[in-house]
Amino acid sequence: MYPRLINQIKKAIESKKGEDIKIYNVKDKNPLFDYVIICTGLNEKNMDAITSNIEDTLEEQSFEVKSIEGLGSSDWILVDCYDAIVHIMSQSYREHVKLDELIKNNK
C-alpha cells in the first residue's frame with residue numbers, strides 16, 4: 001500500500017491515459033524524496049494534460065507541487081511533489097534515457 005500522495009498521483013496519471021506507470025520506493029537511497037514515479041505520455045499534449053491533472057488533483061487533496069520542469073517539452077516533464085518526483089516521458093525518450101534501469105540498479 002502506497003501513501004495517499006502516491007495513490008493520488010497514480011490516479012491522476014491513469015485518468016489522463018498515462019502508460020507504463022512505475023513507482024519506485026527510494027527512501028533508503030535518497031535523502032531528498034521517498035518515491036520516484038515514471039510514466040509514458042502519448043504525445044506532448046497528453047504529457048501536458050497528465051502534468052496539469054497531477055497538479056490539480058494534488059491541490060484538491062491539499063498536497064503541494066513544489067515545481068514543474070519541462071512543461072511544453074515533447075520528451076520529458078519532471079514534477080517535484082516534495083516526497084515524490086514524477087517523470088513524464090515520451091516513449092522514445094524513456095527508452096533512450098533508461099531511467100527505470102538506473103533506479104533498479106541503484107536499489
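The legends below describe close-up views of a predicted model. Local features need pLDDT of at least 70 and side-chain atom pairs count only at pLDDT 80 or more, while totals for chains, interfaces and linings use all residues. Residues are numbered from 1 along each chain as its sequence is written, and side-chain values use heavy atoms, with hydrogens and water left out.

**View 1. The largest nonpolar core contains 21 residues.** A nonpolar core is a set of buried Ala, Val, Leu, Ile, Met, Phe, Trp, Tyr and Cys residues joined through side-chain atoms within 4.5 Å. Buried means under 20% relative accessible area, exposed over 50%, and partly exposed in between (1.4 Å probe, protein chains only). Ile9, Ile13, Ile54, Cys81, Val86 and Ile88 have the most contacts inside this core. At least two core residues come from each of helix H1 (4-15), strand E1 (19-25), strand E2 (35-41), helix H2 (44-60), strand E4 (76-80) and strand E5 (84-90). Helices (H or I, at least four residues) and strands (E, at least two) are DSSP runs, numbered from the N terminus. H1 gives the largest share, 5 residues.

**View 2. Surroundings of Ile88.** Leaving aside residues up to four places away in sequence, Ile88 touches Cys39, Met47, Ile50, Thr51, Ile54, Asp75, Trp76, Ile77 and Val79. Contact here means heavy atoms within 4.5 Å.

**View 3. A second, separate core has 9 residues.** Among them are Val26, Phe33, Val36 and Ile38. In soluble globular proteins, nonpolar side chains tend to be buried together.

**View 4. Asp20 forms salt bridges with Lys22 and Arg94.** A salt bridge is a side-chain nitrogen of Lys or Arg within 4 Å of a carboxyl oxygen of Asp or Glu; the whole structure has 4. The closest N and O atoms are 3.5 Å apart for Lys22 and Asp20, and 3.7 Å apart for Asp20 and Arg94. The latter pair links distant parts of the chain, with Asp20 in strand E1 and Arg94 in helix H3 (residues 91-97), 74 residues apart. Lys22 is partly exposed at 34% relative accessibility, and Asp20 is partly exposed at 41%.

**View 5. Arg94 also forms a salt bridge with Asp100.** Their closest N and O atoms lie 2.9 Å apart. Arg94 counts as buried, at 5% relative accessibility, and Asp100 is buried at 11%. Through shared partners, salt bridges join Asp20, Lys22, Arg94 and Asp100 into one network.
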